[in-house]
Amino acid sequence: MSTIALAGPISSKAAAIKITGSLGKPSKMPGLSYGISAALCKVGAALAQVEGSTCEGCYALKANYQYPSVKAAHAKRAAGLTDPRWTEAMVYLIRSSGETYFRWHDSGDLQSFQHLLNIVSVAEQLPGVSFWLPTREKGLVNQYIRAFKAFPANLVVRVSAAMIDSAAPAGFQHTSTVHHEQAAEGYMCPAQFQGNKCRDCRACWDSSVSNVSYRKH
């Protein structure tokens with residue numbers, strides 16, 4: 001049986017996927033995505049138990065996300081996060097795809113400061129790709145800003161509000177909120193009016209958009 005050699009530079013999709021797991025291609029949005037189990041969320045796991053929070057009834061803990069194949073894919077990706085060649089493998093997969101938009105964590109969230117540093121490194125090595133990272137791990141984001149001042153221009157890190165109908169988190173350049181009974185703050189996601197798809201909207205990846213507000217669903 002043949003094996004995949006990982007000693008030299010990564011030069012195949014199979015070798016990269018052996019490290020990172022596969023990437024997703026959501027039908028709702030442009031480009032590619034990456035996710036791990038929402039059960040691994042740090043802040044999100046606590047918020048999921050709070051009534052009225054943006055994590056209550058988390059979509060990524062239900063429906064299709066509970067299929068054995070999806071759980072297995074999430075587990076493989078999570079296991080690869082500590083591999084020293086994760087960044088190299090991720091850069092290879094995204095670059096070879098030819099896609100120019102990428103969403104981090106359509107399920108799950110940052111696991112550590114090193115995880116965030118690795119994502120930044122991927123963005124730095126792929127300046128032609130627009131990256132969007134939604135996160136509730138504002139402590140990790142603050143830690144990065146204190147150390148490095150700013151994220152790469154092609155990486156929009158949106159700190160998500162903890163509660164539905166609450167104001168955007170203060171002190172961050174890019175944020176997101178969820179509206180239900182209150183009016184949307186900032187730019188209102190148009191997906192609800194267009195079949196729950198982005199279509200030609202790219203606000204989440206747009207660094208000129210301070211806050212994106214999503215309707216509760």
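## Exercises on a predicted model

Leaving out neighbours within four places in sequence, Ser 213 is in contact with Thr 177, Val 178, His 179, Ala 184, Glu 185, Tyr 187, Met 188 and Cys 189. The model you are looking at is predicted. Let's work through it together.

**Exercise 1.** Find where Ser 213 sits, and decide: is Ser 213 buried or exposed?

*Solution.*
- Step 1: Look along strand β7, residues 211-215; Ser 213 is part of this strand.
- Step 2: Take the relative accessibility of Ser 213, which is 1%. Buried means under 20%, so Ser 213 counts as buried.
- Step 3: Now turn to its side chain, which forms a polar contact of 3.3 Å with the side chain of Thr 177.

**Exercise 2.** Work out how many disulfides the whole structure has.

*Solution.*
- Step 1: Recall that a disulfide is a covalent bond between the sulfur atoms of two cysteines.
- Step 2: Searching the whole structure gives zero disulfides.
- Step 3: Check Cys 58: its nearest cysteine sulfur belongs to Cys 55 and is 6.2 Å away. A disulfide needs the sulfur atoms within 2.5 Å, so Cys 58 is in no disulfide.
- Step 4: Check Cys 201 too: the sulfur of Cys 189 is the nearest, at 6.3 Å, and Cys 201 is in no disulfide. Cys 201 is buried, at 15% relative accessible area.

**Exercise 3.** Describe how helix α5 and helix α6 cross.

*Solution.*
- Step 1: Locate α5 (residues 113-125) and α6 (residues 138-148); their axes come within 10 Å and cross at roughly 60 degrees.
- Step 2: That angle makes α5 oblique to α6.
- Step 3: The crossing of α5 past α6 is right-handed.
- Step 4: List the residues in contact: Phe 113, Leu 116, Leu 117 and Val 120 from α5, with Leu 140, Val 141, Gln 143, Tyr 144 and Phe 148 from α6.

Technical notes:
Residues are numbered from 1 along each chain as its sequence is written. This is a predicted model: local features need pLDDT of at least 70, side-chain atom pairs count only at pLDDT 80 or more; totals for chains, interfaces and linings use all residues. Side-chain values use heavy atoms; hydrogens and water are left out. Buried means under 20% relative accessible area, exposed over 50%, partly exposed in between (1.4 Å probe, protein chains only). Helices (H or I, at least four residues) and strands (E, at least two) are DSSP runs, numbered from the N terminus. A polar contact is a pair of N or O atoms within 3.5 Å; within protein, one must be able to donate a hydrogen and the other to accept it, and residues adjacent in sequence count only if both atoms are side-chain atoms. Contact means heavy atoms within 4.5 Å. Axes are lines fitted to C-alpha atoms, for helices over the stretch in contact, and angles run from 0 to 180 degrees between N-to-C directions. Angles under 35 degrees count as roughly parallel, over 145 as roughly antiparallel, 65 to 115 as roughly perpendicular and the rest as oblique. A crossing is left-handed if the near helix is turned anticlockwise from the far one by less than a right angle, and right-handed if clockwise.
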